[in-house]
Amino acid sequence: MVILTAIPVKYIIKRLIIFVSVFFGALTLNFVLPRLMPGDPAEIVYEDLLKDSGGTINIAYLHQLEAEYGISTNKPIYLQYFSYLNDLFHGNLGISISFYPDPVSSILAEALPWTLFLVISAVTISFFIGNRLGRYAGINRNTGKDLLIDLFSMFMAAFPAFVLAFILLDIFSVYGKIFPIGGAYSDSVNMGFNIPFIISTMYHAVLPVGTIILTSLGGWVLGMRNNIIPNVNSDYISFSQNLGMKDYQIKSIAYRNALLPNLTGFSMSIGLSVSGVIIEESIFSYPGVGMYMITAIDNLDYPLLQGIFLMVIIAVLVGNLIVDILLGFLDPRIKQEGE
């Protein structure tokens, strides 16, 4: 049984201040990093327009393109920054250079659900399986089963995700013909909330989701194992045994206490997986933000890059904030900190 405690107001205010501070710092980095890339994106767009006509670059038209895209690199950097913040807080993420004239917001609205589907599904499955395996390994430490689980976990934690993606793709798609090579659903089904589409979506997601699960499983297993061993050997466990509590009840108490640090890692892993899944999406030709990000890098697409980075920032920060508040309910020690 999980005991909920009241969260001190001081704790919530502190977390909100940290959230806002880190958010503005991340927004600043989101503005600066794309501009460290060499070249002028407006010139790239204009040169593409002139390829067929064989003309030359008109400076006035170049500035007009910069103003339209919101990427005027001729302005002082602080004016660009204030313009960026103003557009951002008005919900204007700009127009994509790579997919002109589509706005960045519409591109992200189309790609983000696919990425979130992969990430949330994979991280959630990996979290529950990994913690269960870590609990089993920790309780049965220094046994053959513990050694086998540890070796597997360390191997998978160190294995590059993109290499595993290529291996699974070759075995199960290219040679085995069991799963499709790419895409998110079959062309033969109608996109919408219907059973054929849902089945096709899950079928196409097996390899991408499986890649994320296998490469992230080791971290959860090792983390839970290292957390539960000190809890099993702690004084409160000995006290519970002397009270005559059953073995499964004692293990359940130790597991709940060991789960708290991993719960914090769960929120971070969702946000980090959004950025880490980019390569896997490209390998499996999955229509998430990964494919758009690679195109944006190739074309110096500042607005689209900033929109994708902003999405990752929000995913990480909001996930951390939610788990911090949740831990305030679950962990009585947080109540003592705020008093």
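This is a predicted model: local features need pLDDT of at least 70, side-chain atom pairs count only at pLDDT 80 or more; totals for chains, interfaces and linings use all residues.
Asn320 is buried, with a relative accessible area of 19%, a value that falls under the 20% limit used for that label.

**Asn320**
- Asn320 belongs to helix α13, which covers residues 302–330.
- Although 56 residues separate Asn320 from Thr264 in sequence, their C-alpha atoms are 7.1 Å apart in space.

**Ser173**
- Ser173 is found in helix α7, made up of residues 161–175, and it counts as buried because its relative accessibility is 2%.
- A polar atom of the Ser173 side chain lies 3.1 Å from the backbone oxygen of Phe179, and the side chain of Ser173 also reaches the backbone oxygen of Pro180 at 3.1 Å.
- When neighbours within four places in sequence are left aside, the residues in contact with Ser173 are Leu168, Phe179, Pro180, Ile181 and Leu207.

**Transmembrane regions in the record**
- According to an unreviewed UniProt entry, the feature "transmembrane region" is placed at residues 12–33, 111–130, 151–175, 195–222, 259–279 and 308–330.
- In the model, the span of residues 111–130 is 100% helix and 0% strand, and its end C-alpha atoms lie 28 Å apart.
- The span of residues 195–222 is 96% helix and 0% strand, with 38 Å between its end C-alpha atoms.

Note on methods:
Residues are numbered from 1 along each chain as its sequence is written. Side-chain values use heavy atoms; hydrogens and water are left out. Helices (H or I, at least four residues) and strands (E, at least two) are DSSP runs, numbered from the N terminus. Buried means under 20% relative accessible area, exposed over 50%, partly exposed in between (1.4 Å probe, protein chains only). A polar contact is a pair of N or O atoms within 3.5 Å; within protein, one must be able to donate a hydrogen and the other to accept it, and residues adjacent in sequence count only if both atoms are side-chain atoms. Contact means heavy atoms within 4.5 Å. UniProt positions are given in the numbering used here, feature names are shortened, and annotations may be inferred rather than shown by experiment.
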